[in-house]
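Student: Could you take me through this model and show, for each term you use, how the value leads to the name?

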Amino acid sequence: MTQHPRLVTPFTAASTADDVLRGHDLGGVRALVTGASSGIGAETARALAAAGARVTLAVRDTDAGSAVAGEIARSTGRARPDVAPLDLADRASVARFLAAWREPLHLLINNAGVVTGGLSRTSEGWEWQFATNHLGHFALATGLHGALARGAAECGGARVVAVSSTAHMRAGVDFDDLHHTRGPYDPQLAYARSKTANSLFAVAATRRWARDGIVANTVNPGGVATGLQRHFTQRQRRSLDAAEAAGVFTYKTVGQGAATTMVAAVLPALAHAGGRYLDDCQEAYTVPDDAALAEHPHGVKEWALDPALAERLWTVSAALTSAPLA
């Protein structure tokens with residue numbers, strides 16, 4: 001499905017966020033990172049701040065976010081990042097965040113994510129992983145479109161980075177059962193669908209917003225031990241161990257996990273190129289939807305890059321997230 005030469009960079013799976021940012025001066029860049037109170041999000045925020053960006057940590061736990069912001073200021077000698085409350089599974093929280101944002105935005109990193117061990121739903125009855133990982137980020141990004149367009153006008157472009165996962169290889173979006181109301185619930189399948197949705201968002205956002213100077217790309221950070229796994233069941237842990245044993249992934253440090261995000265955020269070659277899926281700091285190669293994950297651990301399924309599916313998901317997501325709040 002890839003219609004352009006695959007992007008090749010000098011970075012590898014062993015590169016860190018600091019490696020990618022070396023030589024980049026992000027002074028004047030306004031960046032927003034979701035889920036930045038721990039793990040890859042915190043490291044992403046630290047690396048951006050160290051390079052001179054003014055960063056906002058959008059987090060559910062503002063106490064944890066404030067602790068991270070303080071540590072970033074101490075360790076980098078840069079300005080302390082701002083901290084703002086944001087619960088992506090709560091439409092009212094997203095609305096409050098958007099109402100409070102006033103500035104141009106140059107870089108939006110949709111990093112936050114959840115994994116559940118069983119079925120959880122939002123107050124609307126939406127499946128929690130899809131609601132948080134995709135719908136919340138969709139509402140946030142579309143609500144910030146004006147700020148991103150102003151940022152693009154200031155410096156010749158703005159970028160959105162969607163953090164996905166190898167898990168997208170397991171399932172495409174099921175448009176007939178977005179909220180898992182039919183049959184038994186499989187949290188791993190639900191997570192996979194939400195990660196495919198992340199990639200489809202980047203495809204559609206680029207097609208719709210490129211004329212405004214905004215591009216969106218998707219990244220797979222790879223296997224990193226973070227708080228994301230805290231809700232895993234024994235079945236999920238066994239599945240993860242099996243995937244590691246099969247060579248689907250090798251554990252990385254958080255610095256290595258944040259590196260591919262930095263490639264999408266700062267690499268000049270992606271300043272005006274979007275709708276791509278990056279893995280281990282390179283553009284992934286596209287594989288058929290029936291390809292085996294174990295045979296293509298660094299591929300991207302066609303269903304995650306399909307423009308028609310991306311537009312369909314955008315339409316459905318807009319209808320869901322624009323409904324009046326109760």
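**From values to names**

Tutor: Let us begin with arginine 54 and aspartate 82, whose side chains meet in a salt bridge, with 3.3 Å from N to O. Keep in mind that this is a predicted model, in which local features need pLDDT of at least 70 and side-chain atom pairs count only at pLDDT 80 or more, while totals for chains, interfaces and linings use all residues. Residues are numbered from 1 along each chain as its sequence is written, and side-chain values use heavy atoms, with hydrogens and water left out.

Student: Why is the meeting of arginine 54 and aspartate 82 called a salt bridge?

Tutor: The term requires a side-chain nitrogen of Lys or Arg within 4 Å of a carboxyl oxygen of Asp or Glu. The N-to-O value for arginine 54 and aspartate 82 is 3.3 Å, so the pair meets the rule. By this rule the count comes to 13 salt bridges.

Student: What does the pair of arginine 54 and aspartate 82 tie together?

Tutor: Arginine 54 lies in strand β2 (residues 54-59) and aspartate 82 in strand β3 (residues 82-85), so their bridge ties together parts that are 28 residues apart in sequence. The names come from DSSP runs, numbered from the N terminus: helices are H or I with at least four residues, and strands are E with at least two.

Student: How do you know whether arginine 54 is buried, exposed or partly exposed?

Tutor: Buried means under 20% relative accessible area, exposed means over 50%, and partly exposed is in between, for a 1.4 Å probe and protein chains only. Arginine 54 has 43% and is therefore partly exposed, and aspartate 82, with 29%, is also partly exposed.

Student: Which residue forms a salt bridge with glutamate 103?

Tutor: The partner of glutamate 103 is arginine 30, and their closest N and O atoms are 3.2 Å apart. Glutamate 103 lies in the loop between α4 (91-100) and β4 (107-110) and arginine 30 in strand β1 (residues 30-34), so this pair ties together parts that are 73 residues apart in sequence. Glutamate 103 is partly exposed at 28%, whereas arginine 30, with a relative accessible area of 6%, is buried. Arg30, Arg54, Asp82 and Glu103 are linked in a network of salt bridges.

Student: What makes β3 and β8 the edge strands of the sheet?

Tutor: Two strands pair if DSSP finds at least two bridges between them. Eight strands form an open sheet in the order β3-β2-β1-β4-β5-β6-β7-β8, with mixed pairing, and β3 and β8 (282-283) are its edge strands, since each pairs on one side only. Between β1 and β2 there are five bridges, in the parallel sense.

Student: Why is α7 called roughly perpendicular to α11?

Tutor: Axes are lines fitted to C-alpha atoms, for helices over the stretch in contact, and angles run from 0 to 180 degrees between N-to-C directions. Angles under 35 degrees count as roughly parallel, over 145 as roughly antiparallel, 65 to 115 as roughly perpendicular, and the rest as oblique. The axes of α7 (residues 187-209) and α11 (residues 307-321) come within 8 Å and cross at roughly 90°, which makes α7 roughly perpendicular to α11.

Student: How many nonpolar, polar and charged residues does the contact of α7 with α11 have?

Tutor: Contact means heavy atoms within 4.5 Å, and the residues that make it include Leu200 and Phe201 of α7 and Leu313 and Trp314 of α11. Ala, Val, Leu, Ile, Met, Phe, Trp, Tyr, Cys and Pro count as nonpolar, Asp, Glu, Lys and Arg as charged, and the others, Gly among them, as polar. By class, the contact has twelve nonpolar, no polar and three charged residues.

Student: What makes leucine 57 count as buried?

Tutor: Leucine 57, placed in strand β2, has 0% relative accessibility and therefore counts as buried. Among the residues that leucine 57 touches, not counting those up to four places away in sequence, are Val33, Val68 and Val83.
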